[in-house]
Amino acid sequence: KKRKRGEKESDEDEVIVKKKSKKEVKKKVTKKGGGKKSVKSSGRGKSNVIDIEDLDQYYFPSKKHITDFCSDLLEWYQENKRDLPWRHSKSNDLLSDPNFPYKVWVSEIMLQQTRVDTVIDYFNRWITKFPSINALSQASLEEVNQLWSGLGYYRRAKFLHS
């Protein structure tokens, strides 16, 4: 629910909690007298109230769980990442490459509804011809479409160019 300007914030916040059965149930968390919280079902029929102490039947990931998951994901990425041309720069320091954001942007546009294996050759040709956004802006739409030819969805090339 959106608040209108100047309207007081409600003491109700909607949250999604997951039962142990992994079924998502929409619940409302409300503050009761004395600052105690309870969960009310937002479904039809009789509203059932659950004390905060009974929330152990729901799954709320802990900060440690989230941190561990992020660490595991980053470790997996380091071991399994693919060698893709938009992840490289001449200086091997992507953050100091002024064209790095442009390369990522081009790759993201090319990868929309197109396989990575197909995009790699097109990306390499594109960056050779248009190494920067300034070089792309100097090109004609005809040149852009000619280089894009074979990737399909020419509207993507037009948006890159404009």
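The legends below describe close-up views of a predicted model of one protein chain.

**View 1. Overall architecture of the protein chain.** The model holds 6 helices and 5 strands, where helices (H or I, at least four residues) and strands (E, at least two) are DSSP runs numbered from the N terminus. Along the sequence these elements follow the pattern β-β-β-β-β-α-α-α-α-α-α. Of the 162 residues in the protein chain, 25% are buried, a term that stands for under 20% relative accessible area, with exposed meaning over 50% and partly exposed the range in between (1.4 Å probe, protein chains only). The accessible surface comes to about 12,700 Å², of which 51% belongs to carbon and sulfur atoms, as computed by the Shrake-Rupley method with a 1.4 Å probe, only the protein chains shown counting as cover for residues.

**View 2. Confidence along the protein chain.** The mean pLDDT, the predictor's confidence in each residue on a scale from 0 to 100, is 75 for the protein chain, and 62% of its residues reach 70 or more. Among the elements, strand β1 (residues 12–19) has the lowest mean pLDDT, at 42, whereas α3 has the highest, at 94. Over residues 7–42 pLDDT stays under 50, and for this stretch the model has 69 contacts beyond four places in sequence, a contact meaning heavy atoms within 4.5 Å.

**View 3. The salt bridge between K103 and D97.** The closest N and O atoms of K103 and D97 are 3.3 Å apart, and the pair is one of 4 salt bridges in the count, each defined by a side-chain nitrogen of Lys or Arg within 4 Å of a carboxyl oxygen of Asp or Glu. K103 counts as buried because its relative accessibility is 13%, and D97 is likewise buried, with a relative accessible area of 12%.

**View 4. The salt bridge between D117 and R115.** D117 pairs with R115 through N and O atoms that are 3.2 Å apart at their closest. Both D117 and R115 are exposed.

**View 5. The salt bridge between E143 and K129.** In this pair the closest N and O atoms of E143 and K129 lie 3.7 Å apart.

**Notes to all views.** Residues are numbered from 1 along each chain as its sequence is written, and side-chain values use heavy atoms, with hydrogens and water left out. Local features need pLDDT of at least 70 and side-chain atom pairs count only at pLDDT 80 or more, whereas totals for chains, interfaces and linings use all residues.
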